Amino acid sequence: MADVADGGGESVIDSSERRSSPVTPPRPLIALARGFLKRCPHCGLGRIYTRWATEVKTCPVCGLVYEPTEGDTWAFTIIGDRIPVAAAIVIVYFELGSRLGPAALIAVMAAVCAVLLWTAPNRWGVGVALLYLQRMWWPDPLDKLPPSRPA
Ligand SMILES: [Zn+2]
């Protein structure tokens, strides 16, 4: 946690060398899987969240800033969070609602809500990974990504 407090720690590479270092991004599916597992999409080692979903701003291992500007993951959160919730409610209510009795329907909806709530940090982690991929594919000169670790 001390590394997080001081900005993720400085590597032995100074900033001018870091900028010129070739960045080899992980494959997109690897980055997304890391995000789903609530790990840094860049190095796969640092945690995106502590506890259940307490956000960590910077990867304590590689120094990746997960969300450089507040709200950068908003669109990905909407896509990965609200749409699955709405789809699950629609499917349960309209597809299963006519076949199940009220008690079973409430039980199924409660189970779906529990699963969606339980996996929310995983979906938010995918949002962080999608933002990371966006930053890799369409880099911003002001947005510094850490170099990749050697393979
Ligand atoms: Zn990292």
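**Notes on the zinc site, salt bridges and loops**

1. Let's start with a cysteine: C62 is buried, its relative accessible area being 18%. (Buried here is under 20% relative accessible area, exposed is over 50%, and partly exposed lies in between, with a 1.4 Å probe and protein chains only.) Before you go on, keep in mind that this is a predicted model, where local features need pLDDT of at least 70 and side-chain atom pairs count only at pLDDT 80 or more, while totals for chains, interfaces and linings use all residues. Residues are numbered from 1 along each chain as its sequence is written, and side-chain values use heavy atoms, with hydrogens and water left out.

2. C62 is one of the protein donors of the zinc ion, and the others are C40, C43 and C59. (Donors are N, O and S atoms within 2.8 Å of the metal, or 3.2 Å for Na, K and Ca; water is not among the atoms, so sites may look incomplete.) The angles among the four donor atoms run from 106 to 118 degrees, and the site is tetrahedral. (For four donors that takes all angles between 85 and 135 degrees.)

3. If you want to find the donors in the sequence, look for the spacing C-x2-C-x15-C-x2-C. C59 counts as buried because its relative accessibility is 0%.

4. Now the overall fold. The protein chain has six helices and two strands, in the order α-α-α-β-β-α-α-α from the N terminus. (Helices, H or I with at least four residues, and strands, E with at least two, are DSSP runs numbered from the N terminus.) Of the 151 residues in the protein chain, 29% are buried. Among contacts with a separation of 6 or more, 57% are between residues 24 or more positions apart. (Contact means heavy atoms within 4.5 Å.)

5. The protein chain has an accessible surface of about 9700 Å², and carbon and sulfur atoms hold 66% of that. (Areas come from the Shrake-Rupley method with a 1.4 Å probe; for residues, only the protein chains shown count as cover.) I89, V90, Y93 and F94 form a nonpolar surface patch of about 410 Å². (Patch residues have over 30% relative accessible area and no salt bridge; like charges are joined within 9 Å, and nonpolar side chains, meaning Val, Leu, Ile, Met, Phe, Trp and Tyr, within 5 Å.) V90 sits in helix α4, residues 74-96, and is partly exposed at 44% relative accessibility.

6. How many salt bridges are there? The count is three. (The rule is a side-chain nitrogen of Lys or Arg within 4 Å of a carboxyl oxygen of Asp or Glu.) D81 pairs with R82 at 3.0 Å, N to O. D81 is buried at 9% relative accessibility, whereas R82 is partly exposed at 46%.

7. D81 also has R123 as a partner, with 2.7 Å from N to O. That pair links distant parts of the chain: R123 belongs to helix α6 (residues 120-137), D81 to helix α4, and 42 residues separate them. R123 and D81 are both buried. Through shared partners, the salt bridges join D81, R82 and R123 into one network.

8. The side chains of R135 and D143 also meet in a salt bridge, at 2.7 Å, N to O. R135 is buried, with 6% relative accessibility.

9. R47 lies in the loop between α3 (28-36) and β1 (49-50) and is partly exposed at 44% relative accessibility. Leaving aside neighbours within four places in sequence, R47 contacts K38, R39, V56, P60 and Y66. From R47 to V61 is 14 residues in sequence and 8.8 Å in space, C-alpha to C-alpha.

10. Finally, two backbone angles to check. Most residues other than glycine have a negative phi. K38, not a glycine, has a positive phi of about 60 degrees. K38 is in the loop between α3 and β1 and is partly exposed, with a relative accessible area of 22%. R51 is not a glycine either, and has a positive phi of about 50 degrees. Where is R51 found? R51 is in the loop between β1 and β2 (54-55), and counts as exposed because its relative accessible area is 79%.

How values were computed: Tetrahedral: all angles 85-135°; square planar, octahedral: opposite > 155°, others 65-115°.
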